[in-house]
Amino acid sequence: MPRIEPLKREPAARVPSFTPPALSSGQESKVLYDAFNALRPRWLEMNTLPKSLERLETAIVKSIRILEWKDDWDGEGSPAYAEETWQRAALFLVQNALRLWRTCGIAVDVPRIGPGPDGSIDIHWKSERRELLINIPADSRELADYYGDGRSVQVQMMKGMLDTQANNLWLLNWLMQ
Amino acid sequence: MASELADAVGPRWESEEIPDADLLYMRVHFRFVNDDGSIQPGAFRDQGEAMSTDWEKYSTPEQTCNRLSKGQDNAVISLRTSGVRAIPDQLVVHTPDPETNNQAHTDVFGDKKKNTQVRILYSRLYELIIPTLPESQRVI
């Protein structure tokens, strides 16, 4: 059994949920090892977030709980959430938060990452200045829908569809103004 | 004979026009409740073709809460009908439901799934009537 090297992270503290599984002998251990390695590139990407984005990382890690919800989790027929949808939401956040940090030196506010309609995931920011809601659809082929506005009439309303894989720095930049 | 027949098919209620000033009650599952007690925009979604609510003329908030077996899992919020009608493309229709013996049942039609603006506007409109604990404060 190959040895899993500990993930390197600097300079923030490790998040326990990202710790590699402890390996023992046996088939179950091999399955765990394979599953972890399949996800490893994404764990690594998240684990290189700077310290200033630690709270964002914690929010993303916490949000993984929605993958545990089964069909009809609300007693009103809502479907379970797919790992692919959650990963799309997490990657969108990580990639664009990093762009904002590296380009402008701004740490994005921490959003609420929660259940959206029909297996979609909502990313929601609400501050004293501005509010932004992005919906990551359950169908990976669909674009994400977004809407944002501000408390002040001078803030221009933002509304439309976006490709989550594209550079969406402008949207988080708008949010943090 | 006539009354037996009526019992068999259930009550027949006419759909009525809901005044702008009246309230609509809506159940919200605890997983849509934030730690500060506020309601997430995700709570405002269609179940089937419409968002299901109860008209205050024929329901109390407690009745709305307990229409499902696990009433303790739900908060109840109210929405002013005039406010709902002011949200783009939303249509309030009184749709009494004999199957569930719910004369208060009211559907709110209009897309919410692919319209984040509509859900943001709903989240600014509601008032919390019956709170419930968010998931983070529940003992499993």
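Modeller: Begin with a term: a residue is buried under 20% relative accessible area, exposed over 50%, and partly exposed in between (1.4 Å probe, protein chains only). At 24% relative accessibility, Ser52(B) is partly exposed.

This is a predicted model, where local features need pLDDT of at least 70 and side-chain atom pairs pLDDT 80 or more, while totals for chains, interfaces and linings use all residues. Residues are numbered from 1 along each chain as written, chains are lettered from A and ligands numbered from 1 in the order written, and side-chain values use heavy atoms, without hydrogens or water.

Stay with Ser52(B). It sits in strand β2 of chain B (helices, H or I, of at least four residues and strands, E, of at least two are DSSP runs numbered from the N terminus). Which residues does Ser52(B) contact, leaving aside neighbours within four places in sequence? They are Met26(B), Gln47(B), His105(B), Thr106(B) and Asp107(B) (contact: heavy atoms within 4.5 Å). With His105(B), the side chain of Ser52(B) also makes a side-chain polar contact at 2.7 Å. Such a contact is an N or O pair within 3.5 Å; within protein one atom must be able to donate a hydrogen and the other to accept it, and residues adjacent in sequence count only through side-chain atoms on both sides. Leu24(B) is 28 residues from Ser52(B) along the chain, and their C-alpha atoms are separated by 9.5 Å.

Next, follow the charges within chain B. A salt bridge puts a side-chain nitrogen of Lys or Arg within 4 Å of a carboxyl oxygen of Asp or Glu. Glu16(B) and Lys57(B) form one, at 2.7 Å from N to O. Glu16(B) lies in the loop between α1 (2-9) and β1, and Lys57(B) in the loop between β2 (50-55) and α2 (61-65), so the pair ties together parts of chain B that are 41 residues apart in sequence. Both partners are partly exposed: Glu16(B) at 26% and Lys57(B) at 46%.

Arg85(B) and Glu17(B) form another salt bridge, at 3.4 Å. Arg85(B) is in helix α3 (residues 81-86) of chain B, while Glu17(B) is in the loop between α1 and β1, 68 residues apart. Arg85(B) is partly exposed at 27%. Glu17(B) is exposed at 65%.

Now cross to chain A. Arg124(B) meets Asp149(A) in a salt bridge at 2.6 Å. Why does this pair join two chains? Arg124(B) lies in the loop between α4 and β6 (127-130) of chain B and Asp149(A) in strand β4 (residues 144-150) of chain A, so one partner belongs to each chain. Arg124(B) is partly exposed at 38%, whereas Asp149(A) is buried at 11%. Arg124(B) also forms a salt bridge with Glu131(A), with the closest N and O atoms 2.9 Å apart. A network of salt bridges links Arg65(A), Arg31(B) and Glu135(B).

Step back to the whole interface. There, 23 residues of chain B contact 25 residues of chain A. How many salt bridges run between the two chains? The count is nine. Over all chains, the structure has 18. The interface also holds 17 residue pairs in polar contact, both residues at pLDDT 80 or more. On the chain B side, β1 (23-29) and α4 (116-123) are the elements that give two or more residues. The largest share, five residues, comes from α4(B).

Now look inside. A nonpolar core is a set of buried Ala, Val, Leu, Ile, Met, Phe, Trp, Tyr and Cys residues joined through side-chain atoms within 4.5 Å. The largest core has 57 residues. Val108(A), Trp125(A), Ile134(A), Phe44(B) and Tyr122(B) have the most contacts inside it. Helix α3 (residues 83-104) of chain A gives the most to this core, nine residues. Ile134(A) touches several residues beyond four places away in sequence, including Phe92(A), Trp125(A) and Leu171(A). Apart from that core lies another, of five residues, among them Leu23(B), Tyr25(B), Val76(B) and Ile130(B).

Finish with chain A as a whole. It has four helices and five strands. From the N terminus, its elements run α-α-α-β-β-β-β-β-α. Of its 177 residues, 48% are buried. Among its contacts between residues at least 6 apart in sequence, 53% join residues at least 24 apart.
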